[in-house]
Amino acid sequence: MSTSTNLVALGTLVRREVARILRIWTQTLIPPAITMTLYFVIFGKLIGSRIGVMHGFTYMQYIVPGLVMMSIITNSYGNISSSFFGAKFGRFVEEMLVSPMPNWVILLGYVTGAVARGVIVGALVLVIALFFTDLNVAHPLITVLSVILGATVFSLAGFVNAVFAKKFDDIALVPTFVLTPLTYLGGVFYSVDLLGEPWRSISMVNPILYMVNAFRFGVLGVSDVQIGTAFAVMLVFVVGLSALALHLLKRGVGLRS
Amino acid sequence: MTTPALHVKDLRKTYGNGVEALKGVSLTVEQGDFFALLGPNGAGKSTLIGILSSLVNASSGEAEVFGVSIHKNRSAAMQLIGLVPQEINFNQFEKPFDICVNQAGFYGIGRAEASVRAEKYLKELRLWDKAHHQARMLSGGMKRRLMIARAMMNEPRLLILDEPTAGVDIEIRRSMWQFVSGINAAGTTVILTTHYLEEAEQLCRNIAIIDHGRIVKNTTMKSLLSTLDVETFVLDVATVPGTLPVLPGVTLRPIDDHTIEAEMSRAHDLNSLFSSLSAHGVTVTSMRNKANRLEELFVRLVEQGREADA
């Protein structure tokens, strides 16, 4: 296929993914907004008012970037894993597999759709946050880049999960037993500087810590990690997971007999 | 000599569980042909179609579509193929119009052209009034027709139909064949697998019978049917006599008070049968073949293959 036909195919896939997100908005957009509103009320308002200043910000201001990034990560991951596994389960993944679309277009289409959901949900959560606190974006470019990269990393991870998944339980296991613990321990609600050793060092191997802090640096201008290191970690994950996903597509793992 | 629409050479497939689904299949389908690929369940038809549509990876061998290798140039080969699979495989929550337009998009066809084609094929397959309803609301026959419309979106030069009429009523089946015959007449090569052998007999010019992963017969429909040396007819008669006449070359069996079965060689003409019966006071009111001619041959060839394997 030529570049122009690949772009048509990519546009078709992205359009279909976004249409799916909007068609089932009560499942894709509303629940994360409600969950995050509860976090803001309970952790930010009720408990946060008893917690002091953190890195020069109120606790509510401090957790907003973390909660926004948490919604971006979980929604990107959830979108791609359920959408791609749904296509496998319903066999309509075959529509793409029998077409001349190259594998990278399939991957990029699904990842773009998942990033789109992450961004939409992140924006919704950010708007809700503004009802509870004031925010000024310190570094807009870093904010945008960290959102895109963070969402891409977890979209790719969700895609790999969906490729291997044989039943719906398989796409629920990773978010429940891996993603959620890593997110909660990834500096969403606290600064890792508050942790003693060895917990601080252990936290440093959690990739979500770098994503949360990159975004927090973009919004608040404060971070527990070097911003260069945070972006390097995200880029390494993007490259590594892209290579893995393309390899799986080429081999037809879970897709072709 | 024109490049064949499909050329398959020594295609083999062994699945991970050790099942050898294809044991060296070689096959040629000429351009413009209406080709029947028949075989019992588990014979290897779906594996072969899976390889041609790149859903199954071949273990070895070569397959070319209009001279383009499926393995070496998958993308270009897939541009030439349209597939109507055996199982429903579209998103049931999408609308037929969107399903068709999206499929065209996957082939790099822009939305404007895709919309025109979707309307054209949905109308031709009598689905236009359902174009904007959720696909899950369609009847079984409509879903099958939707898969044909979807397969036509890239206007393929080779259309592969894998049991497209399974579970479809006779009226819809006829309208589907009318459509497929029309696109075949317009130049599209068609490969059909079906369990309705009368369909294959009526529609297809050439035929391959596959069993246990091997092609057991590959010839023209005419020459295959000419090998049928014995046919069985069911005769509806006014009254079956107490003793049936003994006729040379014909075996007569009473079925009930008004029906006789006559098994006779093709060398024996029907006029002499009727004359003999008439002479013995038996009045034939109507007659039909006991089984479809192709069906008889199919069963025989498959049985021969199994005996040879044993």
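A residue is classed as buried if 20 or more other C-beta atoms, placed from the backbone, lie within 10 Å of its own, as exposed if 12 or fewer do, and as partly exposed in between. In this predicted model, local features need pLDDT of at least 70 and side-chain atom pairs count only at pLDDT 80 or more, whereas totals for chains, interfaces and linings use all residues. Residues are numbered from 1 along each chain as its sequence is written, and chains are lettered from A.

By the burial criterion, strand β14 (residues 284-289) of chain B is hardly covered, with 0 buried residues among its 6. Strands are DSSP runs of E of at least two residues, and helices are runs of H or I of at least four, numbered from the N terminus. β14(B) pairs in the antiparallel sense with strand β11 (residues 230-237) of chain B over 5 bridges, pairing requiring at least two DSSP bridges. Within β14(B), Met287(B) is the bridge partner of Leu235(B).

In chain A, helices α4 (residues 59-89) and α8 (residues 168-184) pack at about 170°, with their axes 11 Å apart. α4(A) is therefore roughly antiparallel to α8(A), a term applied to angles over 145 degrees. Among the residues of α4(A) that meet α8(A) are Met70(A), Tyr77(A) and Phe85(A), and the α8(A) side includes Pro175(A) and Leu179(A).

Between the chains, 25 residues of chain B are in contact with 22 residues of chain A, contact meaning C-beta atoms, placed from the backbone, within 7 Å. On the side of chain B that touches chain A, α3(B) gives the most, with 4 residues.

How values were computed:
Contact = placed C-beta atoms within 7 Å. Axes fitted to C-alpha atoms, helices over the stretch in contact; angles between N-to-C directions. Parallel < 35°, antiparallel > 145°, perpendicular 65-115°, else oblique.
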